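Subject: Structure handover

Hello,

Here is the structure for you to look over. My notes follow below it.

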Amino acid sequence: MITVSDLSLRFGKRVLFEEVNLKFNTGNCYGIIGANGAGKSTFLKILTGDIESTTGHVSIDKDKRMAVLTQDHYAYDKYPVLQTVIRGHKELFEIMEEKDELYAKPDFSEEDGIKASELEEKFAEMNGWMAESEAGELLNGLGINESKHHILMEDLSNNEKVRVLLAQALFGEPDILVMDEPTNDLDIETINWLENFILNFPNLVIVVSHDRHFLDAVCTQVVDIDFGKINMFGGNYTFWYESSQLAARQQQQQNKKAEERKKELQEFIARFSANVKKSKQATARKKMLDRLNIDEIRPSSRKYPAIIFTQEREAGDQILNVSNLGLDGYFGNVTFSVNKGDKIFLYSQHSIITTKFYEVLNKNIAAKEGKIEWGVTINPAYLPTDNESFFQNKLSLVDWLRQYSEEKDETFIRGFLGKMLFSGDEALKESNVLSGGEKVRCMISRLMLTNPNLLMLDEPLNHLDLESITAFNNSLQEYKGTVIFTSHDHAFVQSIANRVIEIGPNGVVDKQTDFDSFIEDEELKERRKKLYEGQEVELGTI
C-alpha cells in the first residue's frame, strides 16, 4: 500500500537516514522505533507528505485514504466536538456540507435535485447515515461522554481535545492510519480500549510510541531507525528488544562457534513464536509474524542508562500510615498503611488527584483533614511530575547535581551523571536549557544520590525514550525498598506493582494484586465507580 524507494534525508552535513527501501502492506501494524533524535517523527512526516525527503520518493496506492493523528490541539476550537470527529473523513464531510447547502436553497431547482440525488448516493456508499453514530461511539470509547459531543472544542480541557483528535483519526475506517504518540495523555484503561480497536482494525497502521505494552499489543512489524538506516523486522517490540540484546551478547562472545550462535538464535525464535501463538494479538489479527529470520537479528547501537537505587539503611516495619486524609475537590477519607517491600501503583481516573496526593504526602500543600505518619527509619525520595522549579538557574549539570549531594567531589558527581548518559562535555550543559527527557534523567540522578528506602514517583516516564524507560523498569524490579508510583505505561505498571490503591473523592479501593487483575475484577468495578459518584473533580493544574 505504501512503497518507500531510495529515500534519504540530510540536514546540511548531517545524514538522518539514507538508502531506505521499504513496503508497508495493509493488514499490518508497523511500530516505528529509534533513539531520541533518530528521526521517527520526521520519517512519519515524510510518509504523510508534510515534509520532503532529500532523495527518493514515497508511493501510495491510488484512491487510498490516509488519516493522520494531528498534534495541533487548537485547530478545531471553533467547531463542535462531534463535527470535529466527522471532519476526519474530508470527502464525507464535504458531501454533507454540499447536501445541506443544496437543501437550504430557497430556489431549489430540478438540476439541484439531480445533484442532490448523486450526493445522496455517494453519501450512502460511504455509510454516511451512520456517521454521527460511529463518531459518538468512538468518543464514548475514548472517555468523552455524550454531554460533551455538541459543545465547542475550545470548551474542552487539553486532555479531552487529545481524545477527540484521536477519534477523528480513527473515524471512518481509513485505509492508512498514521499516529505519532497516540497514547499520550490517555489513562491505562483508555489505552486498552485503543489497543483493542487497532487489533481489530483491518487496514494499514503506522505508529510511533514510547509505550511498550501498546507496541507489543498492536504491532506485527517493527521499523527500527538506527545506524542512519531504517530496517523492518517481523515481530513486536519485545521480540526486537530481546533479540537485539541477545545479538549484542553474542557479539561479545568471540569464542563461541558460529554453529552454537545459530542454535541459540533458533531456540530464541522458537520460544518467542510459541508465546505469540498464545497472545490475544495472534488471534485478533490475521498476521502476527510472517516469518522470523535469524539474519534479521542484530545488535542495536542504543545506549541504556544505568539506573541503580540503593538503600542507605533498610527500613523498619513501620513505613507509612495514612488516616482519613482529605483535600477538597480531589480526594477524601483516604486511609491505608504501607507494608515493607510494597510496590504500590497509585491510581485514579483523574491524574490530578494522584498528583495532589503526592504533594500532600510531601508537605508541599496542606490536607484539609487527616493524618500522615512516617516510620522513623524511612528515608523517602520524591520524583514530581512537574520539575520546572528545579531548573530555573544556569548552573552546569555538575554544579546542579552537586547542590543535592553531601559528597562535593566532581568525579563523584560526574559518576552519577554518567550513569544517566551525561558524560564528557554533556555534564557541563546549563541546566535551564535541557530537553524534557534530559531534565527527567537529571532528576533520576538526584534520586539515586539520596539512597532512599522509599520512592514516590509521579509519572516518572514522562519525556523518557524507550531505552531510559526500559532501564527504569528493570531498576525498580530489582529495587529492594518500597515504591509508591503512578504511570500511564501499562508494561511498567504490570511488571512492578504488587498492590493497587485507587483513590477518589469518596475514598480508596485497595487490593494486593497486579494491575490487570485489579481492573478485570468484577467485584471491584462497582466499588471503584463509587469513588467518584456525585463529585466534581477540579481538573486544573497543580
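Which lysine forms a salt bridge with glutamate 426, and how far apart are the closest N and O atoms? The partner is lysine 429, and the closest N and O atoms are 3.6 Å apart. A salt bridge here is a side-chain nitrogen of Lys or Arg within 4 Å of a carboxyl oxygen of Asp or Glu.

Before going on, two notes on the basis. This is a predicted model, where local features need pLDDT of at least 70 and side-chain atom pairs count only at pLDDT 80 or more, while totals for chains, interfaces and linings use all residues. Residues are numbered from 1 along each chain as its sequence is written, and side-chain values use heavy atoms, with hydrogens and water left out.

**Salt bridges**

The salt bridge count is 27. Back to the opening pair. Glutamate 426 is partly exposed, at 33% relative accessible area. Lysine 429 is also partly exposed, at 26%. For these terms, buried means under 20% relative accessible area, exposed means over 50%, and partly exposed is in between (1.4 Å probe, protein chains only).

Elsewhere, shared partners join salt bridges into one network of Asp224, Asp226, Arg302 and Glu467.

Lysine 105 pairs with aspartate 112, with the closest N and O atoms 2.9 Å apart. Lysine 105 is partly exposed at 32%. Aspartate 112 is buried at 9%.

Lysine 368 bridges to aspartate 328 at 3.6 Å between the closest N and O atoms. This pair links distant parts of the chain, 40 residues apart. Lysine 368 sits in the loop between α12 (351-361) and β13 (369-374). Aspartate 328 sits in the loop between β10 (320-327) and β11 (331-338). Both residues are exposed. Helices (H or I, at least four residues) and strands (E, at least two) are DSSP runs, numbered from the N terminus.

**The sheet with β1**

An open sheet of 3 strands runs in the order β2-β1-β4, with antiparallel pairing. Two strands pair if DSSP finds at least two bridges between them. The edge strands are β2 (14-24) and β4 (55-60), and each pairs on one side only. Neighbouring strands are turned by 20 degrees against each other on average, direction ignored. That angle is between axes, which are lines fitted to C-alpha atoms (for helices, over the stretch in contact); angles run from 0 to 180 degrees between N-to-C directions.

Strand β1 (residues 2-11) is joined to β2 by 7 bridges. One of the bridge pairs is phenylalanine 11 with arginine 14 in β2.

Isoleucine 2 is in strand β1. Isoleucine 2 is buried, at 1% relative accessible area. Not counting residues up to four places away in sequence, isoleucine 2 touches residues including Leu22, Phe24, Val58, Ile60, Ile176 and Ile206. Contact means heavy atoms within 4.5 Å.

**Cores**

The largest nonpolar core has 76 residues. A nonpolar core is a set of buried Ala, Val, Leu, Ile, Met, Phe, Trp, Tyr and Cys residues joined through side-chain atoms within 4.5 Å. Phe309, Phe357 and Phe472 touch the most other members. Helix α15 gives this core its largest share, 7 residues. Phenylalanine 357 touches residues including Val322, Phe331, Phe336 and Ile503, not counting residues up to four places away in sequence. A second, separate core of 51 residues includes Leu139, Leu194, Phe233 and Leu466.

**Helix α14**

Which residues of helix α14 (residues 410-419) are buried? They are Ile413, Phe416 and Leu417. They cover an arc of only 100 degrees around the axis, so they lie on the same side of α14. The arc is that of the directions from the helix axis to the C-beta atoms. The cover over these buried residues includes α13 (397-402) and α15.

**Positive phi**

Most residues other than glycine have a negative phi. Two residues here are worth a look. Asparagine 451 has a positive phi, near 50 degrees. Asparagine 451 lies in the loop between α15 (436-449) and β15 (454-458), and is partly exposed at 24%. Histidine 463 has a positive phi of about 80 degrees. Histidine 463 lies in the loop between β15 and α16 (466-478), and is exposed at 58%.

Best wishes
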